[in-house]
Each structure stands twice: as C-alpha cells, then as structure tokens.
Amino acid sequence: MNEGRAGWALTVKQRTGRVRLPKFHAIRRVLGDALGHFNADDGWAMASHLALSALLALFPFLIFATTLASFFGANTFSDTAVHLIFDTWPDEIAKPIADEVVDVLTIPRGDLLTFGAVLAFYFASNGVEALRTSLNRAYRVAETRSIIFRRLQSLAFVLVATIGLLVITVLLVFAPLIARLAEAHLDSVKLYIGTITTWRLIIASIVIVLALFSVHKWLPDGDRSIGSMLPGIVFTLIGWLVGSLAFAAYLDSFASYVTTYAGLASIMVALIFLYILSVIFIIGGELNASISRYREARTRIEG
C-alpha cells in the first residue's frame with residue numbers, strides 16, 4: 001500500500017512538478033482530522049463546559065459593565081448592551097433571556113468599586129478562561145504562560161469589551177442627532193442612513209467578527225496569522241447563522257420546553273443554544289489546526 005501511495009505521488013510530481021493531493025482528498029483529510037480530534041479530545045464535553053461558563057459569565061459581565069457605565073453617566077448602557085448581545089440571537093431564544101437581563105440590570109446599585117462589582121468582574125473573566133481552554137485543546141497546544149498572566153489577560157478582555165460597549169453606547173445615543181443633521185444638509189445620504197435597529201445589527205456583526213479574531217489570536221498559546229485563523233472563523237460565522245436559524249425553526253415547530261422545564265424553560269433553551277454555538281466554535285478552531293497540520297505535511301512532502 002505504501003508503494004502504491006509512493007507511485008501515485010511520483011506520478012503526480014512528474015505531471016505537475018511537485019506533489020499535490022487532489023482537492024477532495026485534501027478536504028477529506030482536513031475534515032477527518034478536525035472532527036476526529038474534536039471527538040477524541042472530549043470536544044462535546046468542552047462544548048458543555050463552554051456553554052455553561054458563557055451563561056454563568058453573562059450576568060456578571062453585564063452587571064459589572066452597567067456599574068462601570070453608570071459611573072461615567074451612560075444611563076442608556078444597559079439597553080444598548082442587551083440589544084447588541086441579543087439582537088443577533090433568534091427571537092424565540094433571546095426575548096426571555098433579554099427580559100431577565102433587563103430586570104437584573106435595572107436594580108439600583110451602589111458605587112463602582114463595591115465588592116459585588118469586583119466579584120462580577122472576576123466571574124465574567126471565567127467565561128474568557130473557558131474560551132482559552134477550548135481553543136488550546138482545539139489548536140492542540142499546551143499552555144506555557146503563567147496563571148497570573150492568563151487571569152490578567154482574561155480580565156483585560158472583559159474590561160476592553162466593557163469599554164467597547166460603552167463607546168458604542170455613546171455613538172448610538174448621538175447617532176439619531178447626527179442622522180438628522182446629515183439629512184438636513186445632505187439629501188443624498190438619506191438612502192444610506194437606515195434605522196437605529198439596522199445600525200445595531202451592523203455594529204453587533206462587526207463586534208462578533210472582531211471578537212472572534214481577538215480570541216483566536218490571543219487566547220490560545222502560540223502565535224497565529226490572520227490567514228491561518230480565517231477558515232475557522234468563516235466556518236464559525238456561517239455555522240452560527242445556520243445553527244441559529246435551524247434551532248429557532250425547531251423551537252417554533254416541535255419543541256415543548258415550557259411543559260418540560262416550566263419556569264426554567266428560558267434558561268434551558270439558552271443553554272442548549274449556547275451549546276450548539278460552542279460546538280461550532282470549537283470545531284472552527286479544530287479546522288484551523290487541521291488545515292495548518294495538512295499544509296505543514298504537504299510542505300515536507302514537496303520539500
């Protein structure tokens with residue numbers, strides 16, 4: 001069998017000048033490696049861990065972010081944050097959770113540097129650590145950085161995300177005023193302004209893309225180029241869109257979570273939804289790792 005493979009490779013090399021595997025064979029090898037490693041390395045369990053960690057980190061993050069925003073006088077922050085996070089979710093999943101989040105965020109809170117806000121800040125970083133662990137496994141790398149560096153980096157991610165949402169809040173507050181001024185002086189821009197909801201969706205989509213590049217670039221150990229991260233991120237974005245639409249259609253047509261879980265229905269729906277997103281996210285990292293491994297192997301053969 002090895003002789004057959006060697007002969008096949010030699011024939012290809014004689015015909016093309018270098019060893020080149022057929023595209024379908026390359027795709028099969030990459031997908032087989034990615035899915036095989038995902039299954040063998042407890043990918044399903046890691047997706048459960050990531051989904052639960054994300055749900056547990058969501059409320060602390062929004063509590064800390066709202067507390068920080070109120071310190072700077074951004075009183076509309078909670079509404080903007082809820083929209084940016086949940087507008088990209090299917091309505092059947094987002095509305096119950098968003099209502100609960102609004103109820104939590106509208107509770108009056110004390111000053112910024114309270115013990116509760118500090119705890120919320122720390123617990124929110126646990127969600128970042130879950131992302132790190134999942135991507136380290138997906139990229140098949142061992143963590144070499146100190147625990148202090150990793151925790152500080154996770155806290156920095158939470159803080160940057162909070163500041164980013166705060167800036168977006170300010171921009172969206174002034175957006176209607178800017179739009180009215182533009183319409184009054186430039187008739188040609190009316191067709192391009194759109195509604196505030198449209199801009200929220202656009203901004204939320206941009207935030208998701210930037211967040212994916214950031215977590216793939218800096219959270220797992222090692223260094224990766226933008227090109228090496230791109231296939232998995234594109235797969236993740238497409239997979240999230242298809243998975244969200246499919247799960248929303250399932251909820252609308254078949255599911256009966258209310259009768260099964262009663263008052264816990266909204267939480268269970270969100271948890272299952274986040275589990276689906278987590279599986280797709282981890283496979284995206286696995287896909288990047290498999291493509292890199294395949295390219296390295298092909299380079300060795302061609303060399």
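This is a predicted model: local features need pLDDT of at least 70, side-chain atom pairs count only at pLDDT 80 or more; totals for chains, interfaces and linings use all residues.
Figure 1. Followed along the sequence, its pattern reads α-α-α-α-α-α-α-α-α-α-α-α. Of the 303 residues of the chain, 39% are classed as buried. The accessible surface of the chain amounts to about 17,200 Å², and carbon and sulfur atoms account for 68% of that surface. Where contacts in the chain link residues at least 6 apart in sequence, 80% of them join residues at least 24 apart.

**Figure 2. Packing of helix H10 against helix H12.** Helix H10 spans residues 226-253 and helix H12 spans residues 265-302. Their axes come within 8 Å and cross at roughly 155°. Because angles over 145 degrees count as roughly antiparallel, H10 is roughly antiparallel to H12. The crossing of these two helices, H10 and H12, is right-handed. The residues that form the contact of H10 with H12 comprise 17 nonpolar, eight polar and no charged.

**Figure 3. Packing of helix H2 against helix H12.** Helix H2, residues 23-40, packs with H12 at an angle of about 130°, and the axes of H2 and H12 lie 8 Å apart. H2 and H12 are therefore oblique to each other. The crossing of H2 with H12 is right-handed.

**Figure 4. Residues in the contact of H2 with H12.** On the H2 side, the contributing residues include Ala26, Arg29, Val30, Asp33 and Phe38. From H12, the contact draws on residues including Val279, Ile283, Glu286, Arg293 and Tyr294. Grouped by class, the contact of H2 with H12 has twelve nonpolar, two polar and four charged residues.

Conventions: Residues are numbered from 1 along each chain as its sequence is written. Side-chain values use heavy atoms; hydrogens and water are left out. Helices (H or I, at least four residues) and strands (E, at least two) are DSSP runs, numbered from the N terminus. Buried means under 20% relative accessible area, exposed over 50%, partly exposed in between (1.4 Å probe, protein chains only). Contact means heavy atoms within 4.5 Å. Accessible areas come from the Shrake-Rupley method with a 1.4 Å probe; for residues, only the protein chains shown count as cover. Axes are lines fitted to C-alpha atoms, for helices over the stretch in contact, and angles run from 0 to 180 degrees between N-to-C directions. Angles under 35 degrees count as roughly parallel, over 145 as roughly antiparallel, 65 to 115 as roughly perpendicular and the rest as oblique. A crossing is left-handed if the near helix is turned anticlockwise from the far one by less than a right angle, and right-handed if clockwise. Ala, Val, Leu, Ile, Met, Phe, Trp, Tyr, Cys and Pro count as nonpolar, Asp, Glu, Lys and Arg as charged, and the others, Gly among them, as polar.
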